[in-house]
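Here are my notes on the complex, point by point. Please read them with the model open.

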Amino acid sequence: MKSNTDKKTLARLQSKEAVLLFIFIGVFVLMSVLSPTTFLTWRNLQSMAFQLPELGIFAIAMMVVIVSGGMNLSITYTAALSSIIGGLVLSKMTAAGIGPGPTILAGIATFFVVGLACGALNGVIVADIGIAPMLATLGTSTLFEGICLNITKGGAISGFPDAFLWFGNATILGVPFPMIVFVVVVAAAYFLMERSPFGFKIYMIGCNPTVTSYSGVNVKKNLHRVYLFSALLCAIAGILMSSRYNSAKESYGSSYMMQSISAAVLGGTDISGGYGRIFGTVLAVMIIQVISSGLNILGVNRFIINVIMGGILILVLTINFISSGRKANAK
Amino acid sequence: MKVAQRLKQSRELGILLILVVVSIVITLVAPAFFSIENLFDILKSNVVLAIMAIGMLPVILTGGIDVSVSSMVAAVTIIVGKFLMNVSGNIFLAFLVGCLSGTIMGLINGLLVAKLKIPPIVATLGTMSIILGVSLYYTNGNWITGLPKNFIDFGRITIGSFYRQGEEMIGFPIQLLFLILVAVLTWFILRHTLVGRGIYAVGGNRVSAERVGYNVDRITIFLYAYEGFIVGLAGVVHTSIMRQVDPNAFNGFEMQVISAVVLGGASSLGGYGSVSGTLVGVALFSVINNGLILMHIPTFWQKIVVGIVLIASIGFDVTQKRYRESHNTKVDIEEA
């Protein structure tokens, strides 16, 4: 009996991603048919591949925390703070006449250090003090935003070495470099979350932290790690963003915050924790990208695109609810 | 139960104490803070935040959250603005239209959360995109100006004008009446009605509340609709203060509302929180903002201070709760 229900849930979980894959293929084909001369061109595909990685990396940063039963509302300001302090190092060292090699090395190291510091703070507040993740990260996001504004005084930081622009704008064999970074991030996140003991513990914590703790898992340590991992991804997104914009500002990417929650949830992640597949989140990000680019090409008003995105979010969750109800009845 | 009651009160007292200390510090640095003009200025510029925070309180009490409030209030201001311009300049009707449209939007949130079991943050995220998208598409981001004179005059009414500074009379702005109305109504609902008891019960333990016989779905729908009603009222009040409609005026406002409620001690952990606490939270939030400006501290510090106060106050709350729980367990063992 038990193994039977296990099989059923297993089948359902796998089909969740399969449905997303079909939806992705569906919207892609639909957009290609509606606008074959603009949508289905190498240029458009390449431009989508430049835009997608930022949301994609943020969505994974959000998703790993949601899986642990938390929420990270500070992702975009973590990225912004690491961009601004990293950007400061880049521009100051360039202004001081230091060569691009050491400058970029030091700059990128700063991005990571600042990002990880933000993640460590989130980890301490959530795991050690025990504040509800949503409120904790609401507080830290306000804090990070304040620090950003204090450094930039509301302006933008620029004057990066030209070589730094390579990260966000270069292509290798026609593939945008951000896309390559995204693929690496996805692979790393997949192995970490779904193929390693660490990931297994995170899923367990997301299901039930108390039981997980009683089964001998150090919940605090693993929560620290998941917030660090999330912040690391934010720092990477920060590098790509500041390179693409050739500057750093606190408001860059702030719209990604809500979008990344949408992407994680559309990708089948259980908002209360314990379930979520990297592949599902990636598919959701791709669907969002194709729909927004496609509608944009078709000349749909950008505000209406927002409406459609919101509608899709609610529609997908409604379908989830109805189908789960039907399955429960069938049992 | 009595202990919990006392601790909850001490929590509000604690925030009040912080508020007093902060106010004294600000007054010492910038004496202009403690002038009647400035205090009334703070009052008037934060009435809308206070009204919306009180609307958000019941939602947070049940462990929910509503990130769509900013888009809802923006939509209400647009609807009311267009109504006043194109249909009728009647103030009473304007309030009716505002509250009704707010209630409908809130009702939709409530139905999504209660009936379709969509987690509150996701459901309201979805409605936020939809409402904001429609509002901006409809107005194209343009302001609505030139509202009817009687509505503008209404917004200027002050009660008990007792202080004269130059030409302008200073008194309690009429908008304060609506805050008092909302505060008393919400206090009454939370403290003296079955629905209010239900809200605290659901916040404490959803399953228990259901077993005791509360209709959790109906309570959920009610509180989102009620929040919508209050947000609708806040929209009209805001329009009466600003005398024009800016569709983008509320971008990011939801975080301020949530911060103020949380600062006021509301927590879904065990369904704590009260109207008075929320009001003190809003006061603290607005005094910090105003004080930093008066002390000539760059406004950029405002976010840092709010962030730290937010984390510190919730951290204090959680640590206190944990201490109490460990204490309770010991008592249980001794009794057994």
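1. Check its backbone: phi is positive, about 60 degrees, although B:Arg243 is not a glycine. Bear in mind throughout that this is a predicted model.

2. A:Lys153 is not a glycine, yet has a positive phi of about 55 degrees. This lysine lies in the loop between α5 and α6 (166-169) of chain A. Is A:Lys153 buried or exposed? A:Lys153 is exposed, because there are 9 other C-beta atoms within 10 Å and 12 or fewer is the limit for that class.

3. Next, confidence. The predictor gives an ipTM of 0.79 and a pTM of 0.84 for the complex. Chain B has a mean pLDDT of 85, with 90% of its residues at 70 or more.

4. Be careful with the end of chain B. Over residues 331-336 of chain B, pLDDT stays under 50. The model has 0 contacts beyond four places in sequence for this stretch. Where pLDDT is low, predicted coordinates should not be read in detail.

5. Now the overall make-up of chain B. Its secondary structure consists of 13 helices and 2 strands. Of its 336 residues, 47% are buried. Take the contacts in chain B with a separation of 6 or more: 77% of them join residues 24 or more positions apart.

6. On the nonpolar core: the largest one has 193 residues. Which members touch the most others? They are B:Ile51, B:Met52 and B:Ala53. Leaving aside neighbours within four places in sequence, B:Met52 is in contact with B:Val69, B:Val73, B:Ile230, B:Val231, B:Ala234 and B:Val257.

7. B:Leu61 belongs to helix α2 (residues 36-61) of chain B. B:Leu61 counts as buried because it has 25 C-beta neighbours inside 10 Å. B:Leu61 and B:Val122 are 61 residues apart in sequence, and 18 Å separates their C-alpha atoms. B:Ala201 is in helix α8 (residues 194-204) of chain B. B:Ala201 is buried too, because 21 C-beta neighbours lie inside 10 Å. Beyond four places in sequence, B:Ala201 is in contact with B:Ala209, B:Val212 and B:Tyr214. From B:Ala201 to B:Val182 is 19 residues in sequence and 22 Å in space, C-alpha to C-alpha.

8. How many residues does each chain bring to the contact between chains? Chain B brings 38 residues and chain A brings 36 residues. On the side of chain B that touches chain A, α5 (120-139), α11 (253-263) and α13 (300-335) of chain B each supply at least two residues. α13(B) gives the most to that side, with 15 residues. By class, that side of chain B has 26 nonpolar, 9 polar and 3 charged residues.

9. One helix pair spans the two chains. α5(A) and α11(B) pack at about 120 degrees, and their axes are 11 Å apart. Their crossing is left-handed. From α5(A), A:Leu135, A:Leu138 and A:Thr142 make the contact.

10. Finally, A:Leu138. Its place is in helix α5 (residues 133-152) of chain A. Why does A:Leu138 count as buried? Because A:Leu138 has 24 C-beta neighbours inside 10 Å, where 20 or more is the cut-off. Leaving aside neighbours within four places in sequence, A:Leu138 is in contact with A:Leu73, B:Met255, B:Ile258 and B:Ser259. A:Leu138 and A:Val184 are 46 residues apart along the chain, and their C-alpha atoms are separated by 29 Å.

Methods:
Residues numbered from 1 in each chain as written. Chains lettered and ligands numbered in written order. Predicted model: local features only at pLDDT ≥ 70, side-chain atom pairs only at ≥ 80, totals over all residues. Helix = DSSP H or I, 4+ residues; strand = E, 2+ residues; numbered from the N terminus. Contact = placed C-beta atoms within 7 Å. Nonpolar A, V, L, I, M, F, W, Y, C, P; charged D, E, K, R; others polar. pLDDT = per-residue confidence, 0-100. Core = buried A, V, L, I, M, F, W, Y, C linked by C-beta atoms within 7 Å. Axes fitted to C-alpha atoms, helices over the stretch in contact; angles between N-to-C directions. Left-handed = near helix turned anticlockwise from the far one by under 90°.
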